[in-house]
Amino acid sequence: MKHIIIGGDGFVGSHLAADLAAMGESVLVADIHKSGHAHYASVPFLAVDVTRAESVESIPLAPEDVVYNLSAKMLSPIVTRAERHDFFWPVNYHGTQNILSWMEKNGADRLVHFTTDMIYGHSVSVPQDETHPAKPLGEYGESKLATERLADEYRAKGFRIPIFRPRLIIGPGRLGILVKLFKLIDLNLPVPMIGGGNNPYQFISVFDCASACVAAWKADFPNEAYNLGSDDPPPVKRLLGDLIRHAGSKSILLPTPAALVKLTLDALDAVNMPIMDPEQYKIADEICILDTSKAKRELGWRPQYRDEDMLLAAYTEYRKGKDALKQAQRSLAA
């Protein structure tokens, strides 16, 4: 048996590949790009474009093999309203469609599949468990919810497909939308919050996502959906305030009237000039906390990383990158 990680060169996939290889498992990474990860010394890589069925079908697959679908188009970078459908759906939905069809043709039926908490939309109940109404607020969430419905069709054929719905994933190797926040703090500029910042904000570590994949494999791929999020997330203003103090910045937190800010962002989005994705800002002042008790109970999985520590680690990585760039520029100038 081998573990085939599609999208395995990406954020979660690369950590999962390294973890499985360290456990002595046979691993194959399939992705459209190849980075310089150290585990490629022992883990084979195959160039694959999930939007093309013939490309997916080039991956060698035996019935006993297991597959992890971590291929995705994410909310960062921000794309305009006019571009969103064509940006998200080919990879997120049609790519999943190609993967499931390829598995069926080869007699393999075990798949770990990642979607997102963005399928829930506005928070109806707190915390949000896996039965929360699914009403996405944009093309990203819609494309991911459509893959869950597709997974249900294949479950009815005998497939075993655990689905993970993570909060915003952070950790070494991807900063995404956090870069804008870090730049404001570095420049000692005010950090605006949508609303008063009293609502908690929940992350999930990339390491905890990788461990959830391993837990699903060891639990023999249950046909269930599982939320992934940290424990005890702090209020936004405390989370950001701690970061500002850690950075030694003079930035201040700036509460804003949420309704007015959302109207302004809606107007910018309507004319294809977004500065934030609607799926992010429309819920920015809501209490959106995922209930992860099901994953803990059924998979024996627990998040190991705190939101505060994850954000500080991300900022430290950002600073190291900036400092390394400055040093390189000085060396060139000299």
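Biologist: Is asparagine 272 buried, partly exposed or exposed?

Modeller: Let me begin with the basis of our reading. This is a predicted model, in which local features need pLDDT of at least 70 and side-chain atom pairs count only at pLDDT 80 or more, while totals for chains, interfaces and linings use all residues. Residues are numbered from 1 along each chain as its sequence is written, and side-chain values use heavy atoms, with hydrogens and water left out. Buried means under 20% relative accessible area, exposed means over 50%, and partly exposed lies in between, with a 1.4 Å probe and protein chains only. Asparagine 272 has a relative accessible area of 35%, so it is partly exposed.

Biologist: Where is asparagine 272 placed, and what is its phi?

Modeller: Helices (H or I, at least four residues) and strands (E, at least two) are DSSP runs, numbered from the N terminus. Asparagine 272 is in the loop between α8 and α9 (278-281). Most residues other than glycine have a negative phi. The phi of asparagine 272, however, is near 60°, a positive value in a residue other than glycine. Aspartate 232 also has a positive phi, near 50°. Aspartate 232 lies in the loop between β10 and α7 (236-247), and its relative accessible area of 70% makes it exposed.

Biologist: Which peptide bond is cis?

Modeller: As a general idea, most peptide bonds are trans. In this model the bond from valine 126 to proline 127 is cis, with omega near -10°. Proline 127 is in the loop between β5 and α4.

Biologist: How should I read a sheet, and what is the order of the strands in the open sheet of 7 strands?

Modeller: Two strands pair if DSSP finds at least two bridges between them. The open sheet of 7 strands has the order β3-β2-β1-β4-β5-β6-β10, and its pairing is parallel. Its edge strands are β3 (45-47) and β10 (225-228), each of which pairs on one side only. For directions, axes are lines fitted to C-alpha atoms, for helices over the stretch in contact, and angles run from 0 to 180 degrees between N-to-C directions. Neighbouring strands of this sheet are turned by 20° against each other on average, direction ignored. Strand β2 (residues 27-31) is joined to β3 by 3 bridges, and the two run parallel. Alanine 30 stands opposite leucine 46 in β3.

Biologist: Which strands does helix α1 lie across?

Modeller: Contact means heavy atoms within 4.5 Å. Helix α1 (residues 11-22) lies across β1 (3-6), β2 and β4, and runs at about 165° to β1. Helix α3 packs on the sheet as well, touching β1, β4 and β5 (111-114), and its direction makes about 175° with that of β4.

Biologist: How many salt bridges does the count come to?

Modeller: A salt bridge is a side-chain nitrogen of Lys or Arg within 4 Å of a carboxyl oxygen of Asp or Glu. By this rule there are 23 salt bridges. One of them joins the side chains of aspartate 269 and arginine 81 (3.3 Å, N to O). This pair links distant parts of the chain, 188 residues apart: aspartate 269 is in helix α8 (residues 258-270), and arginine 81 is in the loop between β4 (66-69) and α3 (84-106). Aspartate 269 is buried, at 3% relative accessibility, whereas arginine 81 is partly exposed, at 48%.

Biologist: What does another salt bridge look like, that of glutamate 148 and arginine 165?

Modeller: Their side chains meet at 2.7 Å, N to O. Glutamate 148 lies in helix α4 (residues 139-155) and arginine 165 in strand β6, so the pair ties together parts that are 17 residues apart in sequence. Both glutamate 148 and arginine 165 are buried.

Biologist: How many disulfides does a search of the whole structure find?

Modeller: A disulfide is a pair of cysteine sulfur atoms within 2.5 Å. The search of the whole structure finds 0 disulfides. For cysteine 213, the nearest cysteine sulfur is that of cysteine 209, 7.4 Å away. Cysteine 213 counts as buried, at 0% relative accessibility.
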